[in-house]
Structures are given as C-alpha cells and as structure tokens.
Amino acid sequence: MATVIVITSGKGGVGKTTTCASIGAGLALQGHKTALIDFDVGLRNLDLVMGCERRVVYDLINVIQGEASLQQALIRDKRSDNLFVLPASQTRDKEALTLEGVEQVLSEMQDEFDFIICDSPAGIERGAQLAMYFADAAVIVTNPEVSSVRDSDRIIGLLQARTRAAEEGRKIPEHLLVTRYDPRRVDIGEMLSLEDVQDILAVPLLGLIPESEAVLKASNQGVPVVHDDQSDAGQAYMDAVRRLKGEEVPLRFKEMEKRGFLSRMFGGR
C-alpha cells in the first residue's frame, strides 16, 4: 500500500513544487516506486520542474473524467524508472477536481506505488483541500518570514480538521520543511531564525533547505535539485528524504549561522 504525502503551505512561492520534485526523486533514487501528482489545476508547474512538459498528453482531470486511463496519463521520469508524474490540467476549471475523482485515482495507484506525493496549490482553496484530504502524512513548506509562517499555521489547522484522518479521529504525521534559509540574513534580523519558526509552528523539523542558486538552475533545466549531490540544496533535500523514511540524520547548513556570527565578532562579514 502506498503512503500518500501532501506537500503543502499557505503561501505561494515557498518551494512546494521544488520540494515535491526533490522528495519524489530522492525516494525513487533510494529504490521506492514513487508517483508525483500535480493538483494545481489551471497552472501546472510540476511537469516543468520535472522536465517532462513536452511529454504531457493526458492529465489528472482526463483520468478523473474517464477520458484517459491512469497508465496513459502517467509520465515515466527519464532519469529514474521508479518515478512517475501525473500532471495537472492547464485548461480545465478547478471544479472538475472532485473528491470522488481524487479518491478513485489514489485507490487505483495504491497497490502500484510505494509513495504518492501530492503537490498542493497555494492557499486553502479546493485544490489544496483535495490534495490533503486523503494524506497519510504532510510536509509543510515554509520560508523563514512572518507571512509565510502565519499562512503555514493556518494550513496546519486545516490538516488537523479537514482531512479524512481528522474525520476519523486520527492525526496524520506533520513534518516541517524550512526553505530558502539564509543564516546571514538571520544574523542581521531580516529573516526569522529556525528556532523562531519551530516555536511558532510546533511541528517536527524534517529539513532545512539553504538559499541556493542551485535550486533555480535545476528548475530551469527541468531536473530536481536533489540530483545535484554537489550542491548544498541537493544534499539538504536528500537529508530530508532520509529523515522522512525514519533515519536519524544530523541537521546541516545551519552551522553557517554560527560562522557568520563568529566572523562578525572578529570584524569580518
């Protein structure tokens, strides 16, 4: 049976799609058959980040409405035989995304995959709520800034109230992923510290992704940054994947905050 994980946040632009692609690719690299589903009907960016935009023929809505089979719509990743993408529709209305349709698709995928990663649209509208409804676990992505953290707090409330698990009196595991972390900006008070974010949200930390040019470069090339194991962001995402699987992995890249502080103490920047 597949584990369904929703990648969510309240605010747009925090790195949900990058995170979905990298966590999915990381799981596939470790031998797990993984599917990524884009729930952002009308926009659709996951296929771009995965580099398969030219191979999209059918999408999630086509499958829900019986216009194509799941096998016709799933796109196998060029880099990993274990990784598949189910794109969103760019032309359909969000109302075409139904609870019954999503349940049908997930049910059909349950026995075929180890992990199903749902890339949620920003905010709390229909697509976001359907992306999280059937989740077995959630990764809440936030930037270390007040507005992003506040919106993530609202999403946590939805996860605890408007999922199938909540209706059944259960609580799904929640994981916090802090992205675009810049220790130098933390030092000068332009950005919340990791401790600040954790204190506000009170969700177990899955990972800390540093601000990195490698993320933009990878997105433009259509390659999940986790494949760039020489970059700090790629390594940080793989650390997060390992923690998601239950491994004990030391937190990296936050140490730059301490080096920045010491450099200031000794007169440098």
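Two strands count as paired here if DSSP finds at least two bridges between them. By that criterion, this predicted model contains an open sheet of eight strands, ordered E3-E4-E2-E5-E1-E6-E7-E8, with mixed pairing. The sheet ends at strand E3 (75-76) on one edge and strand E8 (205-210) on the other, and each of these pairs on one side only.

Strands of a sheet pair through backbone hydrogen bonds, either parallel or antiparallel. Strand E1 (residues 3-8) and strand E6 (residues 137-142) run parallel and are joined by four bridges.

Helix H1 (residues 16-29) touches E1, strand E2 (34-38), strand E4 (83-86), strand E5 (115-119), E6, strand E7 (174-181) and E8. The direction of H1 makes about 170 degrees with that of E5. Helix H10 (residues 194-201) also packs on the sheet, where its contacts are with E6, E7 and E8. The direction of H10 makes about 150 degrees with that of E7.

Rolling a probe the size of a water molecule over the atoms shows where empty space is left. A search of the whole structure finds one cavity of 30 Å³ or more. The largest cavity has a volume of about 40 Å³. Its lining consists of Thr18, Ala21, Ser22, Val49, Val215, Ala218, Ser219, Val223, Pro224 and Val225. H1 and helix H11 (213-221) each contribute at least two residues to that lining. Sorted by class, the lining of the largest cavity holds seven nonpolar and three polar residues, with no charged ones.

Terms used: Residues are numbered from 1 along each chain as its sequence is written. This is a predicted model: local features need pLDDT of at least 70, side-chain atom pairs count only at pLDDT 80 or more; totals for chains, interfaces and linings use all residues. Side-chain values use heavy atoms; hydrogens and water are left out. Contact means heavy atoms within 4.5 Å. Axes are lines fitted to C-alpha atoms, for helices over the stretch in contact, and angles run from 0 to 180 degrees between N-to-C directions. On a 1 Å grid over the protein atoms alone, a cavity is a set of points where a 1.4 Å probe fits but cannot get out, and a pocket is an open set with protein on both sides within 12 Å along at least five of seven lines; lining residues have an atom within 4 Å of a point. Grid points are joined across faces, edges and corners, and a volume is the space filled by probe spheres set on the points. Ala, Val, Leu, Ile, Met, Phe, Trp, Tyr, Cys and Pro count as nonpolar, Asp, Glu, Lys and Arg as charged, and the others, Gly among them, as polar.
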